[in-house]
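Subject: Handover of a structure and its findings

Dear colleague,

Please find the structure below, together with its sequence.

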Amino acid sequence: MIFTANTSQINKACSNVMRAVSVKGAIPTIEGILLQTGDNCLNLTGYDFEFGMHTSIEAEVREPGAIVINAKMLCEIIKKLEAPTVTFEISGVSAMIKSGAAVYNVTGINASEYPELPSVSGGYPLFLDKNILRSMVEQTIYAVADDDNPIPVYKGIKFEVTKNTVRLIGVNGVHFAMRTENVKYDGSDLSVIVPKKTIKEVIKLIDDEGDDNVSISVGKRHIVFEINSYSVISRLLDGKFIDYNAVIPKTTKTTVLLNTSEAIRCIERMKPVIEEDRKNPVRCLFDGSEMRISTVSALGRVVDYMPVNCAGERIEIGFNSRYLLEALRAADTDQVKVELNSPVTAAKILPLNGDSFLFLVLPMRLKNEI
């Protein structure tokens, strides 16, 4: 196996594919990157049995072949090369890497030992504008649970696809975020949960140039994202997701229209006296054309005001400042609509018009009046 490739291109490909490589695998093979030559191209694959990434770059192939090389070592070698091209000469499991005056001799693993990536066939693919997908993920991923959450399905984003509609939902017990978009889709309804790691890696591959779509194909246990020259495959999360229709408040007694950035700044002014470990609530009083926001702790007390447009009943409700800020920051509009029902019912944060996003913020019980 002999091929020559552009150093910059193979460096970028290795750096991306390495993110799909097992860091502490019991099998040395999946700690490596599979290099395979094709017709004037080099294919690179990383796979840890749960998540995989594949890409191709241009290469001058003199002898075809394949080998697995430890990903960390390979990436470190390529990263340090200064010449514009690099040549690989493979004999069995021995690899000579030459670039400029630098020559490395390393030992790889037989490519026949590398696991085969799962395939996803059949079904009707979904095509999403890359910027729309990125926006949808950014507005929901904050609500996805971290790895230490005991409920596995909350560690992913739920994709619900129906005719001409796609919806992403994130939930973790204290957050709920939903983003809806109209798309061209005429296939069967889909409902799958994609791991947080997978969707974050897909978003990293999106660049700001061009108008490429992201192609999404779904199988029984896996999902494949095609973006630019990359293919990302992931195992789906299995389990019962929350019935979100049951947790979304159905009635509204108070509707508040407010400036998003002004509300964020107002809440941030509370933070110097909030003791995070005590979880001091910020107290929001909505009444007419004004919102009074305050908090008190052993560190001090602060009261602030901002103009709002409030319709309905006067209401006072407490929130965890961090949770409220995360929801407001996820909104991509200058103004938002806040719908309230009672001091013990989740607040709904929506755009002024339509239902492109919906964030729920759970209230905190209030004690003494400030």
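The largest nonpolar core has 60 residues, and those with the most contacts inside it are Ile33, Leu35, Leu44, Phe88, Phe159 and Phe225. A nonpolar core here is a set of buried Ala, Val, Leu, Ile, Met, Phe, Trp, Tyr and Cys residues joined through side-chain atoms within 4.5 Å. Buried means under 20% relative accessible area, exposed means over 50%, and partly exposed lies in between (1.4 Å probe, protein chains only). Helix H2 (residues 71-80) gives the most to this core, with five residues. Helices (H or I, at least four residues) and strands (E, at least two) are DSSP runs, numbered from the N terminus. Apart from this core lies another, of 39 residues, which includes Met270, Val282, Ala331 and Ala347.

Please note that this is a predicted model, in which local features need pLDDT of at least 70 and side-chain atom pairs count only at pLDDT 80 or more, while totals for chains, interfaces and linings use all residues. Residues are numbered from 1 along each chain as its sequence is written, and side-chain values use heavy atoms, with hydrogens and water left out.

Which residues does Ile33 touch, not counting residues up to four places away in sequence? Among them are Cys14, Val17, Leu44, Ile67, Leu74 and Cys75; contact means heavy atoms within 4.5 Å.

Helix H4 (residues 196-204) has Lys196, Thr198, Ile199, Glu201, Val202 and Ile203 as its buried residues. Their cover includes helix H3 (130-138) and several strands, among them E4 (51-63), E10 (156-162) and E13 (190-195).

Turning to the aromatic rings, the count comes to eight pairs. Rings of Phe, Tyr and Trp (its six-membered ring) pair if their centres lie within 6.5 Å; planes under 30 degrees apart count as stacked, over 60 as edge-to-face and the rest as tilted. The pair of Phe3 and Phe88 is stacked, because the ring centres are 4.8 Å apart and the planes are at 10 degrees. Phe3 lies in strand E1 (residues 2-6) and Phe88 in strand E6 (residues 85-91), so this pair ties together parts that are 85 residues apart in sequence. Both Phe3 and Phe88 are buried. Phe357 and Phe359 are also stacked, since their ring centres are 4.8 Å apart and their planes at 15 degrees. Phe357 is buried, with a relative accessible area of 1%, and Phe359 is buried at 0%. Tyr142, Phe357 and Phe359 form one aromatic cluster.

Most residues other than glycine have a negative phi. Asn40, in the loop between strand E2 (32-38) and strand E3 (41-47), has a positive phi near 55 degrees and is exposed, with a relative accessible area of 57%. Asn228, in the loop between E15 and E16, has a positive phi near 50 degrees and is partly exposed at 35% relative accessibility.

Finally, the structure holds zero disulfides, a disulfide being a pair of cysteine sulfur atoms within 2.5 Å. For Cys14, the nearest cysteine sulfur is that of Cys75, 4.7 Å away. Cys14 is buried, at 0% relative accessibility. The sulfur of Cys284 is 8.1 Å from the closest cysteine sulfur, in Cys266, which is too far for a bond.

Yours sincerely
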